[in-house]
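Please look at the sequence and the structure below, and keep both in view while reading.

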Amino acid sequence: GKPKVRPPSKVDSLTFPVFGLTWYGAPSSPSNNDGCSVIAYCGGGGSAKTGVGNKIVVTVTSDNNNGVGNSSVDDAGGNNNTAQQQQQSSSPSTTRKILISTGEALCFGVHAFRPYNDSLNMVRLLACVGDDILLYGIPLSRKTTTNINQNSEGDDTVVEEDKEEEATLLAKTSVGKGYGANVATYSACHVPPNLLHFIAVGCENGTLVNFQLTQTKDEQSSSPLPFEFTKVSECQGHTKAICAINFHPRGTQLLSSAKDGTARIFDAQSGTSLGVLKCEVHDPAGPAPVVPDPSKMKTKDPRMMKRAPQILVRGCAYGDLEGKVIYAVASGKRGPAYLTKWRTLVPLNRAPVSAGPPRAPPP
């Protein structure tokens with residue numbers, strides 16, 4: 001029979017409008033119990049003066065046996081399992097919530113990821129706030145601090161306290177004055193012989209801005225943050241706000257969709273346009289929609305002339321690892337939405353590739 005839809009295991013009541021949602025998850029490995037699940041959503045009520053705070057809410061669920069970042073002191077018998085650790089180990093996971101305020105600016109998009117060979121034990125979170133793109137580090141586990149106190153009789157007492165860690169700002173830059181950052185995504189692209197960390201941002205003005213994320217070198221940069229964005233290219237073609245972006249699973253292609261009725265494919269390094277997908281909103285089994293001809297209308301008053309309905313391509317994604325299948329979701333301002341499947345007949349990844357900077361460590 002057909003599989004039954006399971007009810008949600010948890011329902012949270014939200015007190016503000018949500019504009020962006022992201023999730024990152026990784027299972028525990030056999031050698032290390034380091035599984036985690038990170039859910040983040042963003043939004044707010046506009047100006048902070050309205051009383052509805054603009055914020056990013058992050059929920060982190062991690063395995064209790066993830067020992068990275070925890071410390072303890074051995075007792076005389078060499079046993080470092082405190083009562084608190086034993087209590088935590090009885091539960092398979094721990095969930096905590098982290099709040100990030102965005103002040104008077106709204107955050108419209110978030111994207112969570114974790115680089116390969118991560119040395120910070122943090123999930124990265126991209127946030128689109130106004131004209132800025134911010135990179136946060138979300139700690140996966142609480143750190144415990146060990147204090148040795150002496151009582152009135154002179155005996156040492158070991159006390160462990162949880163240290164609540166907040167999100168750490170790792171990098172920040174502007175996409176351009178008046179651009180308006182809407183959505184962001186990340187990809188680790190192998191451009192021989194380098195492994196490059198790319199960040200793409202889709203903007204309200206229809207521009208795609210691509211950055212490379214590198215570690216800050218103290219002798220070359222005055223930035224106090226540990227990582228920095230280096231602008232690589234801008235992709236032009238969309239005429240209205242960008243709704244969604246996705247990197248090719250195995251390359252530097254960038255797929256985007258916007259409110260101009262199109263999905264487009266670009267090369268992230270050069271900014272070159274590789275293809276345009278014009279979407280339609282109608283039932284494939286029915287007749288095609290009638291587009292009014294202005295020349296046949298009796299009135300020339302633009303206020304009385306009917307225009308073709310605006311098509312909003314709200315989502316796009318690659319459907320296979322080779323990038324030969326593309327999906328797009330389009331709708332009008334009202335009414336049903338339609339999912340379109342596209343198939344590329346010729347390779348699109350033939351744009352010129354630059355040498356690129358040296359290989360950077362994981363951000």
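Begin with V325, a residue that lies in strand β20, and keep in mind throughout that the model is predicted. Is V325 buried or exposed? Its relative accessible area is 7%, and because buried means under 20% relative accessible area, V325 counts as buried. Leaving aside residues up to four places away in sequence, V325 touches A317, Y318, G319 and D320, and it also touches K341, W342 and R343. A further distance can be checked along the chain: V325 and L345 are 20 residues apart in sequence, and their C-alpha atoms are separated by 9.7 Å.

The strand that holds V325 can be considered next. Strand β20 covers residues 325-331, and five of its seven residues are buried, so the strand is largely enclosed by the rest of the structure.

Which strands pair with β20? One partner is strand β19, made of residues 312-318, which pairs with β20 in the antiparallel sense over six bridges; within this pairing, L312 has S331 of β20 as its bridge partner. The two strands form a hairpin with six residues between them, and in the turn G323 has a positive phi of about 75°. The other partner is strand β21, residues 337-343, which runs antiparallel to β20 and is joined to it by seven bridges. Here Y327 finds its bridge partner in K341 of β21. These two strands also belong to a hairpin, this time with five residues between the strands, and G335 takes a positive phi near 95° in it.

R250 forms a salt bridge with E322, and the closest N and O atoms of the pair are 2.5 Å apart. This pair links distant parts of the chain, since E322 sits in the loop between β19 and β20 while R250 sits in the loop between β15 (242-247) and β16 (253-258), 72 residues apart.

How many salt bridges does the structure hold? There are four, and some of them come together elsewhere in the chain, where R114, D118 and R124 are linked in a network.

Finally, step back to the chain as a whole. It contains one helix and 21 strands, and of its 363 residues, 40% are buried. Among the contacts between residues at least 6 apart in sequence, 56% join residues at least 24 apart. The accessible surface of the chain comes to about 20,700 Å², and 52% of that surface belongs to carbon and sulfur atoms.

Terms used:
Residues are numbered from 1 along each chain as its sequence is written. This is a predicted model: local features need pLDDT of at least 70, side-chain atom pairs count only at pLDDT 80 or more; totals for chains, interfaces and linings use all residues. Side-chain values use heavy atoms; hydrogens and water are left out. Buried means under 20% relative accessible area, exposed over 50%, partly exposed in between (1.4 Å probe, protein chains only). Helices (H or I, at least four residues) and strands (E, at least two) are DSSP runs, numbered from the N terminus. Two strands pair if DSSP finds at least two bridges between them. Contact means heavy atoms within 4.5 Å. Accessible areas come from the Shrake-Rupley method with a 1.4 Å probe; for residues, only the protein chains shown count as cover. A salt bridge is a side-chain nitrogen of Lys or Arg within 4 Å of a carboxyl oxygen of Asp or Glu.
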